[in-house]
Amino acid sequence: MRKMKHTLFIVLASFTLTSCTQDELTEQGTALPEGAYPLEFTARVSGNIQARATVDDTWKSGDNIVLKTNNGDEEYIYQYDGASWNALGNTCYWQNTLPLAVTAYSYGGKATGSFAVSDNQSTADAYQSGDYLYAQKEFVFDNDNSLEFYHQTSQIVVHIRNRGFAQGQQNISLQIGYDNNLAISGNFTPPTSTNNYGTWDTSNGTKAVVTPYNIGTQNIMVDDNTAEISVASFSALVIPQTISAGQKLFCVMIEGYSPFYYTVPSGDISWQAGYRYTYNLSLTANGTITVDNAIGLPGGWTDEEEL
């Protein structure tokens, strides 16, 4: 009888040890041959299938993204060739079948370097360079994985109404900000796993005025029932920030006239990441600008806010 008890104890101990080993193997996933399964994915921007905030609203061949795995310890650069994303240099491979946490970012098609929007966005490339995109996703092995990017800067769209001193004018230009009061750089903190938008600290950022991209005349809605064509329209990408009351925000210049200014009213103006802010401007006889409430226009940005 004593011998049987010892035998039963040994069998039970062996079974317990085997069970623990299987649990550990499950937590580690199934190991895969090294270099056999490259990471494959598609990339889109929230709100569109292949959208950007850029001038032509598409990914361009040669655009780069930085992809990070292993809690950011491993970094890879992927480039778009017009149809798919391919590794530049080291390729990321699946090591096992466990889900893989991935973060990625791209700004203006550049993969590395400090970030700032351009103070002169009068060209398509300079305008595009302000499009900071960020994505995070848990990839699943042997699955169709897609990175969904979210805009981390703000888009400012300004329409000059074809009325008053602007009516029929052809040589109209715009500056956003005045006397270097607009932050064009800042420190970006990525979002948490439960959010899609990071935060910006502009306290030590460079300040300037921004020359926006001229997008020509545009069809605009000045209220729910009234449509018209602007005499000139502009767009810029800016760092999310707050412009304090009393500061000049817009300066419209027309050949033969003194500049027209818009001053931020009480309550300040705040720009959030991923938002498009649309302003319809009218020029007054006393050299100031009035802002008419604008209906958000459809586009690739995740959110829109009426002003």
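Which side chain meets that of D292 in a salt bridge? I looked this up in the model, which is a predicted one. The partner is R161, at 2.9 Å from N to O.

Entry 1: I placed both residues first. D292 sits in strand 23 and R161 in the loop between strand 8 and strand 9, so this pair ties together parts that are 131 residues apart in sequence.

The side chain of R161 meets that of E228 in a salt bridge, with 2.8 Å from N to O. E228 belongs to strand 16 (residues 227-229) and R161 to the loop between strand 8 (154-160) and strand 9 (172-176), so this pair links parts 67 residues apart in sequence. E228 has 22% relative accessibility and counts as partly exposed.

Entry 2: I searched the whole structure and found four salt bridges. One of them joins the side chains of E148 and R44, at 2.9 Å from N to O. E148 is in strand 7 (residues 146-151) and R44 in strand 1, so the pair ties together parts that are 104 residues apart in sequence. I looked up the accessibility of each partner. E148 is partly exposed at 27% relative accessibility, and R44 is partly exposed with a relative accessible area of 23%.

How many bridges join strand 2 to strand 5? I found three, between residues 64-69 of strand 2 and residues 100-107 of strand 5, and the two strands run antiparallel. V66 has Y105 in strand 5 as its bridge partner.

**Entry 3: cysteines.** I looked for disulfides and the count came to zero. I also checked how C92 and C251 are covered. C92 counts as buried at 2% relative accessibility, and C251 counts as buried at 5%.

**Entry 4: G287.** I located G287 in the loop between strand 22 (275-283) and strand 23 (289-292). What does G287 contact, leaving aside its neighbours within four places in sequence? I found P259, F260 and Y261. The C-alpha atoms of G287 and P259 are 6.8 Å apart in space, while the two residues are 28 apart in sequence.

**Entry 5: the whole chain.** The protein chain has two helices and 24 strands. It holds 307 residues, of which 41% count as buried. I took contacts between residues at least 6 apart in sequence, and 67% of these join residues at least 24 apart. The accessible surface of the chain comes to about 16100 Å², and 47% of that belongs to carbon and sulfur atoms.

Definitions and conventions. Residues are numbered from 1 along each chain as its sequence is written. This is a predicted model: local features need pLDDT of at least 70, side-chain atom pairs count only at pLDDT 80 or more; totals for chains, interfaces and linings use all residues. Side-chain values use heavy atoms; hydrogens and water are left out. Two strands pair if DSSP finds at least two bridges between them. Helices (H or I, at least four residues) and strands (E, at least two) are DSSP runs, numbered from the N terminus. A disulfide is a pair of cysteine sulfur atoms within 2.5 Å. Buried means under 20% relative accessible area, exposed over 50%, partly exposed in between (1.4 Å probe, protein chains only). Contact means heavy atoms within 4.5 Å. Accessible areas come from the Shrake-Rupley method with a 1.4 Å probe; for residues, only the protein chains shown count as cover.
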